[in-house]
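Q: Hey, can you walk me through this model? I'd like to start with the side chains and then get to the sheets.

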Amino acid sequence: GAPQTLRIWLLGGFRISVGSRSIGEEEWHLRKAGSLLKVLALSPGHRLHREQAMEFLWPELDPKAALNNLHYALHVARRTLELSAGAASGYLHLRGESLALSPAGPVWVDVEAFEEAATTARHALEPAAYRAAIDLYSGELLPQDRYEAWAEERRAQLRGLYLSQLLDLAALYEGRKKFGEAIEALGRVVAEDPTHEGAHVELMRLYALLGRRREALSQYERLKDVLFKQFGAEPE
């Protein structure tokens with residue numbers, strides 16, 4: 001039959017579901033087979049030239065060895081995804097030199113859902129839309145692959161988008177005189193990035209507006225301490 005919906009979570013950890021069946025990180029007995037799924041899930045249109053996949057996953061190998069490894073990883077990944085070992089894969093296709101993830105069936109990826117929700121929030125300019133986007137960011141991209149070069153740039157982009165959503169939400173709340181909610185959003189920014197000077201400054205300003213002078217001064221001291229510990233620098 002037609003492929004079931006493939007759902008892939010990459011934020012805060014890696015897991016997959018195929019229909020009602022869940023596949024956790026521990027079920028990928030070949031690490032590179034799981035990495036192949038991750039790379040495809042992050043690629044535009046869930047497609048990738050095989051040379052790109054080889055460069056991402058086996059940059060130290062010569063082309064022949066890398067291609068052999070790709071074919072083996074593809075084989076293991078298909079067997080992990082498919083219920084029937086003898087069935088042709090409906091989830092991983094290699095046609096010529098192009099790899100595709102579930103080209104005939106629906107694919108949902110949490111990264112894409114988060115990015116789409118963030119775009120919707122910036123058009124809607126409503127707190128509920130921002131909160132819906134923020135809730136989809138369940139942690140940094142693939143923390144177990146923190147040192148993989150192919151994930152670094154995207155991880156930084158998604159973290160930056162998450163922080164900007166929180167900052168926009170705080171500004172929206174402030175404009176509506178909901179200072180407590182604005183402070184909560186800014187607190188999440190400094191929890192994620194303790195060196196974010198702009199968020200610390202906004203917190204100090206809001207505390208001052210509310211007459212909470214002691215908390216404003218304490219916020220400054222926290223900023224001063226973290227900048228000195230991290231960079232040996234003073235606040236601007």
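**Charges over rings**

Q: What lies over the face of Trp 108, and at what distance from the ring centre?
A: That's Arg 7, placed over the face of Trp 108 at 4.2 Å from the ring centre. A charge sits over a ring here if Lys NZ or Arg CZ is within 6 Å of the centre and within 35 degrees of the ring normal.

Q: And which charged end sits over the ring of Trp 9?
A: Arg 15 does that, with its charged end 3.7 Å from the centre of the Trp 9 ring.

Q: Before I read too much into these, what am I looking at?
A: A predicted model: local features need pLDDT of at least 70, side-chain atom pairs count only at pLDDT 80 or more, and totals for chains, interfaces and linings use all residues. Residues are numbered from 1 along each chain as its sequence is written, and side-chain values use heavy atoms, leaving out hydrogens and water.

**Aromatics**

Q: How many aromatic pairs does a search of the whole structure find?
A: Four aromatic pairs turn up. Take Phe 114 and Tyr 137: their ring centres are 5.4 Å apart and the planes make 50 degrees, so this pair is tilted. Phe, Tyr and Trp rings (six-membered for Trp) pair with centres within 6.5 Å; planes under 30 degrees apart are stacked, over 60 edge-to-face, the rest tilted.

Q: Where do Phe 114 and Tyr 137 lie in the chain?
A: They link distant parts of it, 23 residues apart: Phe 114 is in helix H4 (residues 110–124), while Tyr 137 is in the loop between H5 and H6. Helices (H or I, at least four residues) and strands (E, at least two) are DSSP runs, numbered from the N terminus.

Q: Are Phe 114 and Tyr 137 buried or exposed?
A: Both Phe 114 and Tyr 137 are buried. Buried means under 20% relative accessible area, exposed over 50%, partly exposed in between (1.4 Å probe, protein chains only).

Q: Which residues form one aromatic cluster?
A: Phe 114, Tyr 137 and Tyr 162 make up the cluster.

**The four-stranded sheet**

Q: OK, sheets. In which order do the four strands of the open sheet run?
A: The order is S3-S2-S1-S7, with mixed pairing. Strand S3 (21–23) and S7 are the edge strands, each pairing on one side only. Ignoring direction, neighbouring strands of this sheet are turned by 15 degrees against each other on average.

Q: In which sense do S1 and S2 pair?
A: Strand S1 (residues 6–9) and strand S2 (residues 15–18) are antiparallel, over four bridges; pairing takes at least two DSSP bridges between two strands. Ile 8 is opposite Ile 16 in S2. The hairpin of S1 and S2 has five residues between the strands, and Gly 12 there takes a positive phi near 80 degrees.

Q: What about S1 and S7, in which sense do they pair?
A: S1 and strand S7 (residues 107–109) pair in the parallel sense over three bridges. Val 109 in S7 is the bridge partner of Ile 8.

Q: Which strands does helix H3 lie across?
A: Helix H3 (residues 63–81) lies across S1, S2 and S3, at about 145 degrees to S3. H4 also packs on the sheet, touching S1 and S7, and its direction makes about 70 degrees with that of S7. Contact means heavy atoms within 4.5 Å; axes are lines fitted to C-alpha atoms (for helices over the stretch in contact), with angles from 0 to 180 degrees between N-to-C directions.

**The three-stranded sheet**

Q: And which order do the three strands take?
A: S4-S6-S5, an open sheet with antiparallel pairing. Strand S4 (47–49) and strand S5 (92–95) are its edges, each pairing on one side only. The twist averages 20 degrees from one strand to the next.

Q: How many bridges are there between S4 and S6?
A: Three, with S4 and strand S6 (residues 98–101) running antiparallel. His 49 is opposite Ser 98 in S6.

Q: Which helix lies across S4, S5 and S6?
A: Helix H1 (residues 31–42), at about 85 degrees to S6. Helix H2 (residues 50–57) packs on the sheet too: H2 touches S4 and S6, and its direction makes about 85 degrees with that of S4.
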